[in-house]
Amino acid sequence: MKIKDGAAHLRTLDRDREVYLDGALIARVADHPAFAAACRSAAALYDFQAAEANIELMTFETETGRRVNRGWQMPQSYADLVARREALTAWAELHGGFLGRSPDHLSSSVAGQMMGIEVFERHGARYASALRDYYAYARDNDLYLCYVIVNPQGDRSKAWGEQPSEEMTMRVVDEDAAGVTVRGAKMLGTGSIMAEEVLVANLQPLKPGEERFAISFALPLDTRGIKVLSRKSYEASATSPWDNPLSHRFDENDSVIYFDDVKVPWERIFLLGDTDMCRAQFHDTPGHVFQNYQSQIRLVVKLKFLLALGRRIAETVGTARMAPVVELLGEMASEVAAVEGLLYGMESAGGMVGGYYVPNASMMYAAQVQTQALYPRLIDQVRSLAGGGLIMLPSSAADLENPAIAPLIERTQVSAREGEGAAERMTLMKLAWDAVGSEFAGRHTQYEMFYAGAKFVTTAHCFRRYDWTGSERILDGVLASNPARPGAGGGGGSGGA
Ligand SMILES: Cc1cc2nc3c(=O)[nH]c(=O)nc-3n(C[C@H](O)[C@H](O)[C@H](O)COP(=O)(O)OP(=O)(O)OC[C@H]3O[C@@H](n4cnc5c(N)ncnc54)[C@H](O)[C@@H]3O)c2cc1C
């Protein structure tokens, strides 16, 4: 079978679905001006993996003899993990890290859950069998999945079942021999306009008594009753690829997904009615580690992009050799290098879990907490390097077509970089604004601060997974080696050195 390419991906979007934007129903997303360029960017990822020169880098052969993206690969050694990371990095470099939920995010999650299939076996043979079949189907067809694993925010002081609207949080409302029916909403389906299927689960803790919310399944996005309620499209308001180079191409979209009495067949249900199993699906399997490890691979690419952007801006405005600017760029470089170091650290400090090589969870969560704070800081640093240069720009490419002002623009957009002029300066600054200041950029800051949960959630993961025994052993060793401690037989604690 052929390796999935861009045309094959676009064909999967060629089916009617219920996407709502600006009051209208949009059935064919790939043709709509709010989504078309993002869909083409997704297709470009598949074209890249299918190109002869990239096949070995980007794909691996499954046991059914197909070659699919390495995101589906379940690494059995450190070398496998590194080969897998190199593929994921190559994809992220195509979009500068701006597609948060590129297809390798969900393939990482599902492959990670599959690595802990025994957790599903304990929940029930039928559920384990459903996940096993789904993993093989999704992998062999190289599916692009998105997920909604969080409930709409609602009133955070109330439990999911106590929200003012019964319909807010998706729950099971019926069950029969064919499957179950679900009703209500989940958020926030990033990438849902470009994906083929959606995985539904509960990452937020559920309490005993909340069993009706406890379900995980996957369905095609054109399933009857799935309504995708899109946020504003930044692509739709992007004036041109030159004026808005990132939002024009990489607006992956985020949507509330409403399940309007959606029927889920048993063969697509991975867990049901067990609140603790919702936690175990991600945390007792390598699922959560693998999906967030993918995020860190992508984020390292994005941080490197922002760092280079900051330096290029300083060169363009002629400040790159000034001591305070060198100091700031050095500080930014140290922060980005530290995150890259954490990425390599989580890989080399990883280990075998069952038959699979899994990155070190403690280091992965540490990277998550650090980058939640680092991202907005780095954005701020790039903005501070740029000053008004991000704003003193022509209103759009159309200004350059007007002979009355084109020469004035040419004269006033000056670059300090050798051999560069107005065109290079404006192209850079337009890109910079879309990365750090536009509405698209603001969404990205929100994304990097929240995609893995609020800070109280990510720090709790760090607390839970840190090797406290190892550090307490050192503390206890130093305490025990103090000869002057009371009861140590060293004469009591009164003495000074
Ligand atoms: C751009 C973007 C894309 C996303 N994409 C996806 C996706 O593809 N799939 C998906 O499933 N989800 C996605 N999410 C959702 C994401 O997982 C959630 O935003 C995240 O888990 C935080 O939940 P919340 O938004 O309800 O915020 P909250 O949990 O309500 O947090 C908001 C703030 O409220 C405070 N707070 C709330 N509860 C507590 C508490 N119990 N204790 C202390 N403080 C509290 C904290 O100050 C916190 O910072 C996305 C989010 C964003 C912003």
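## Where the ligand sits

Domain bounds here come from an automatic or database domain assignment. Domain 1 (6-283) and domain 2 (287-473) each give residues to the shell around the ligand, so the ligand lies between them.

Keep in mind that this is a predicted model: local features need pLDDT of at least 70, side-chain atom pairs count only at pLDDT 80 or more, and totals for chains, interfaces and linings use all residues. Residues are numbered from 1 along each chain as its sequence is written, and side-chain values use heavy atoms, with hydrogens and water left out.

## Who's in the shell

Look around the ligand and you'll find 19 residues, where being near means having a heavy atom within 4 Å of it. Ile149, Gln153, Arg156, Leu188 and Thr190 are the closest.

The shell splits into eleven nonpolar, four polar and four charged residues.

## Polar contacts

Now for the polar contacts (pairs of N or O atoms within 3.5 Å). Gln153 brings a side-chain N or O atom to 2.8 Å from a ligand oxygen. For Arg101, a side-chain N or O atom is 3.1 Å from an oxygen of the ligand. Met187 uses its backbone instead: a polar atom there is 3.1 Å from a ligand oxygen.

How much of the ligand does the protein bury? On its own the ligand exposes 950 Å², and the protein buries 71% of that (areas by the Shrake-Rupley method with a 1.4 Å probe).

Conventions: A polar contact is a pair of N or O atoms within 3.5 Å; within protein, one must be able to donate a hydrogen and the other to accept it, and residues adjacent in sequence count only if both atoms are side-chain atoms. Ala, Val, Leu, Ile, Met, Phe, Trp, Tyr, Cys and Pro count as nonpolar, Asp, Glu, Lys and Arg as charged, and the others, Gly among them, as polar.
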